[in-house]
Amino acid sequence: MSGRFVLKTSDNQFQFNLKAGGNSEIILTSERYTRKASALDGIESIRTNSAIDSRFQRKTSIADQPYFVLVAGNGEILGTSEMYSSTAARDGGIAAVKNSAPLATLHDHT
């Protein structure tokens, strides 16, 4: 099921969240962008890179909580997940991004 990208502004910067299709939970949060066009490019890059498993970096926080980041081909961070309670939950979040991002609709709240 496809999700949705929710684009918003805060302090004159643009940021978006990818929300899951079924439950609307945030599964990925973007970096901040100074231009709307750059944020839209970031969304397209997530759509493309979410199909490539090696672009997901599986990490563990200082507090020992699993999370992931999605990176572009050049290594730039496209988005960061929430902190998860287990590696299985983190892997489920990665699967949700892979399933939701390619056909996710854009909801522009700017």
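Here, a residue counts as buried under 20% relative accessible area, as exposed over 50%, and as partly exposed in between (1.4 Å probe, protein chains only). The model is predicted, with local features needing pLDDT of at least 70 and side-chain atom pairs counted only at pLDDT 80 or more, while totals for chains, interfaces and linings use all residues. Residues are numbered from 1 along each chain as its sequence is written, and side-chain values use heavy atoms, leaving out hydrogens and water.

Asp 11 sits in the loop between strand 1 (4–10) and strand 2 and has a positive phi of about 55°, although it is not a glycine. With 70% relative accessibility, Asp 11 counts as exposed. Strands (E, at least two residues) and helices (H or I, at least four) are DSSP runs, numbered from the N terminus.

Then there is helix 2 (residues 87–100). Buried in helix 2 are Arg 90, Gly 93, Ile 94, Ala 96, Val 97 and Ser 100. These cover an arc of only 155° around the axis, so they lie on the same side of helix 2; the arc is taken over the directions from the helix axis to the C-beta atoms. Their cover includes strand 2 (13–19), strand 3 (26–30), strand 4 (56–60) and strand 5 (66–71), with contact meaning heavy atoms within 4.5 Å. The face turned away from the buried side of helix 2 carries the exposed Ala 88 and Asn 99.
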